[in-house]
Amino acid sequence: MQKIVGDRLRDANRRDAQGVEEARAMLDTCYAWLDARMADREWAAGGCFTLADCAAAPALFYADWVHPIGDAFRSVAAYRARLLARPSVKQAVDDARPFRALFPGGAPDRD
């Protein structure tokens, strides 16, 4: 994800299209792994919300901004939605809304 975000900060004539393409492919690999892992569970460590989910929430929140999860990874998308529905995560997202314009490349008008 950092490669994609970092590339957005570069001058247009110094961008790394190959590096961004490779980063997107790595994210797809991660999404596929996580999709298989989350297919039969509600939370990362099983049936209870744990610290693993707290760590996953910001990563998936921003990863979807830079490389959308999409329909190919339905379990990941559903997991992300469950994370965003948690009151603590929702509060953090809502509190940060005024700062979205600072995200390199802008933030989507969702979530």
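At 23% relative accessibility, Asp16 counts as partly exposed, because that class runs between buried, under 20% relative accessible area, and exposed, over 50% (1.4 Å probe, protein chains only). The model is predicted: local features need pLDDT of at least 70, side-chain atom pairs count only at pLDDT 80 or more, and totals for chains, interfaces and linings use all residues. Residues are numbered from 1 along each chain as its sequence is written, and side-chain values use heavy atoms, with hydrogens and water left out.

Asp16 lies in the loop between helix H1 (2-9) and H2. Helices (H or I, at least four residues) and strands (E, at least two) are DSSP runs, numbered from the N terminus. Not counting residues up to four places away in sequence, Asp16 touches Lys3, Asp7 and Arg10. Contact here means heavy atoms within 4.5 Å. Asp16 is 38 residues from Cys54 in sequence, and their C-alpha atoms are 32 Å apart in space.

Arg10 is also found in the loop between H1 and H2. Its relative accessibility is 37%, so Arg10 counts as partly exposed. With neighbours within four places in sequence left aside, Arg10 is in contact with Lys3, Arg15 and Asp16. Arg10 and Glu42 are 32 residues apart along the chain, and 39 Å separates their C-alpha atoms.

The overall fold comes next. The chain has five helices and zero strands. Read along the sequence, the pattern is α-α-α-α-α. The C-alpha trace spans about 50 × 30 × 25 Å along its principal axes. Of the 111 residues of the chain, 32% count as buried. Among contacts with a separation of 6 or more, 64% join residues 24 or more positions apart.

How do two of the helices pack? Helix H2 (residues 17-38) and helix H4 (residues 74-85) meet at an angle of about 75°, and their axes are 7 Å apart. That angle makes H2 roughly perpendicular to H4. Axes are lines fitted to C-alpha atoms, for helices over the stretch in contact, and angles run from 0 to 180 degrees between N-to-C directions. Angles under 35 degrees count as roughly parallel, over 145 as roughly antiparallel, 65 to 115 as roughly perpendicular and the rest as oblique. On the H2 side, the contact is made by Tyr31, Leu34, Asp35 and Met38. H4 contributes Arg74, Ser75, Val76, Tyr79 and Arg82. By class, the residues of this contact are five nonpolar, one polar and three charged. Ala, Val, Leu, Ile, Met, Phe, Trp, Tyr, Cys and Pro count as nonpolar, Asp, Glu, Lys and Arg as charged, and the others, Gly among them, as polar.

The pockets were then examined. On a 1 Å grid over the protein atoms alone, a pocket is an open set of points where a 1.4 Å probe fits, with protein on both sides within 12 Å along at least five of seven lines; lining residues have an atom within 4 Å of a point. Grid points are joined across faces, edges and corners, and a volume is the space filled by probe spheres set on the points. The largest pocket has a volume of about 260 Å³. It is lined by 16 residues, and Pro58, Phe61, Tyr62, Ala92 and Val93 lie nearest its centre. Helix H3 (51-66) and helix H5 (87-96) are the elements that give two or more residues to this lining. The largest share, six residues, comes from H3. The lining of the largest pocket divides into 14 nonpolar, one polar and one charged.

The second largest pocket has a volume of about 180 Å³. Its lining includes Met1, Leu27, Cys30, Tyr31 and Trp33, together with Leu34, Ala56, Ala59, Leu60 and Ala63. Two or more residues come from each of H2 and H3. H2 gives the most, with five residues. This lining has ten nonpolar, no polar and no charged residues.

Two further residues complete the account. His67 is found in the loop between H3 and H4. Its relative accessibility is 11%, so His67 counts as buried. Beyond neighbours within four places in sequence, His67 is in contact with Ile4, Arg24, Leu27, Asp28 and Tyr31. Asp111 is found in the segment after H5. At 27% relative accessibility, Asp111 counts as partly exposed. Asp111 is not a glycine, yet it has a positive phi of about 65°. Most residues other than glycine have a negative phi.
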